[in-house]
Amino acid sequence: MADKPLKQVHIIARLNVGGPAIHVALLGEAFKARGDEYTLISGMIDPGEGDMAYYSIERGVQPLFLAELGRSLNPLNDVVTIWKLYRMLRRIKPDVVHTHTAKAGFVGRIAAWLARVPVIVHTFHGHVFHGYFSPAKTQLFLFLERFTARLSDTIITITPHLRDELADIYHITRKDHITVVPYGLDLSPFAAMPRKNGGFRQAWDIPADALLVGIVGRFVPIKNHTLFLEAAAIIHHEIPEVRFALVGDGELREAIEAHIESLELHDVVTITGWQRDMPPIYADLDVLVISSNNEGTPFTLIEAMATGCPVVSTDVGGVADLLDNGRLGALVPPNNPQALADAILQVLRNPPDSAQTKALTLEHYSVARLVDDLDKLYRNLQSKKR
């Protein structure tokens, strides 16, 4: 006898550019194709952020927007948000509530517990306990996460490293209360894109024969574009012909543009703003770089590796797990421009054979595998509750 379809509600703080927005959209598309009922509830993006609601809508997942469900904590708004979510959940009567991102995890799990939802889970796509907020605010977030962990049937992390951090360093919950479920993505457009097809370079007037180093992400402090640019200055001194592409936008754009001028890199750096068609970008890069101070499991690395693009990243968060401790891409210490530049130069001078990395990425990060993992998890938790 086939399993009965599940009624799921997924809650996310906002559908801004980044991995979590892609994740919930792909889950919705895949679970709906299986016959499950999937509702996505989201807050509104902040001013200046890239909006990825279109990604969900294109996949047949129309979000329900709740204005109070923003990014920041606000005691009055949060009480209103919990009440509104509670009423929505009482009306929908889901089998599972699955929350994503810190703010949605806080209000969503309380609302789900009050509504007596049978299964409540939360995914840490990364964490905000390092490099984001003041010590006092960080302690508040730790308190809230420890409290809401008790309302959860399990906590999900993307990598073993993140599980260990949450349990051993930040003491969010016991390690046996955490389930590791790696990401799954629709990587077929990336795998099918021919390397060095030239479309991105032509669109942005970048020479077809130039070595091209890129970074993809929001222009926010945690991504540390300053480190990337300082490494770029070192590389420019060594090989003046290398070009650099910054794909993204955000609150630090003016500061980043000023830093490019101060380093005299304006002739070799291109800022593209937000882009939707990503496969041609990765295909035209010689190296994809992450310079962040903190990360969960960056989608940009997975997407780049699926195109066969070599990657270099700071060794932060779950990146080491993703890159198999350096076997699938170079890892460097954070906040070290020389180390980052040296690793990039090594790849430019001796490009690795990325065929095996591409094959392993496509095998390990499929949407089908992710949905199978989550479906089994939901049903096992549901059985235990019964």
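Predicted model: local features only at pLDDT ≥ 70, side-chain atom pairs only at ≥ 80, totals over all residues.
Residues are numbered from 1 along each chain as its sequence is written, and side-chain values use heavy atoms, with hydrogens and water left out.

**Salt bridges**

- The structure holds 20 salt bridges, each defined as a side-chain nitrogen of Lys or Arg within 4 Å of a carboxyl oxygen of Asp or Glu.
- K103 and D78 pair through their side chains at 3.0 Å, N to O. K103 sits in helix α4 (residues 102-114) and D78 in helix α3 (residues 75-92), so this pair ties together parts that are 25 residues apart in sequence. Helices here are DSSP runs of H or I with at least four residues, strands are runs of E with at least two, and both are numbered from the N terminus.
- K103 is buried at 5% relative accessible area, and D78 is buried at 6%. Buried means under 20% relative accessible area, exposed means over 50%, and partly exposed lies in between (1.4 Å probe, protein chains only).
- K223 and E295 form a salt bridge at 2.8 Å, N to O. This pair links distant parts of the chain, 72 residues apart: K223 is in the loop between β8 (212-216) and α9 (225-238), and E295 is in the loop between β11 (287-290) and α12 (299-307). Both K223 and E295 are buried.
- One network of salt bridges with shared partners joins R163, D164, D168 and K175.
- Within it, the side chains of D168 and K175 meet at 3.0 Å, N to O. D168 is partly exposed at 45%, and K175 is partly exposed at 35%.

**The second largest pocket**

- This pocket holds about 220 Å³ of space. A pocket is an open set of points, on a 1 Å grid over the protein atoms alone, where a 1.4 Å probe fits, with protein on both sides within 12 Å along at least five of seven lines; lining residues have an atom within 4 Å of a point. Points are joined across faces, edges and corners, and the volume is the space filled by probe spheres set on them.
- Of its 15 lining residues, D321, L322, L328, H364 and Y365 are the closest to the centre.
- Helices α13 (319-322) and α15 (355-364) each supply at least two lining residues, and α15 gives the most, with 3.
- The lining has 9 nonpolar, 3 polar and 3 charged residues. Ala, Val, Leu, Ile, Met, Phe, Trp, Tyr, Cys and Pro count as nonpolar, Asp, Glu, Lys and Arg as charged, and the others, Gly among them, as polar.
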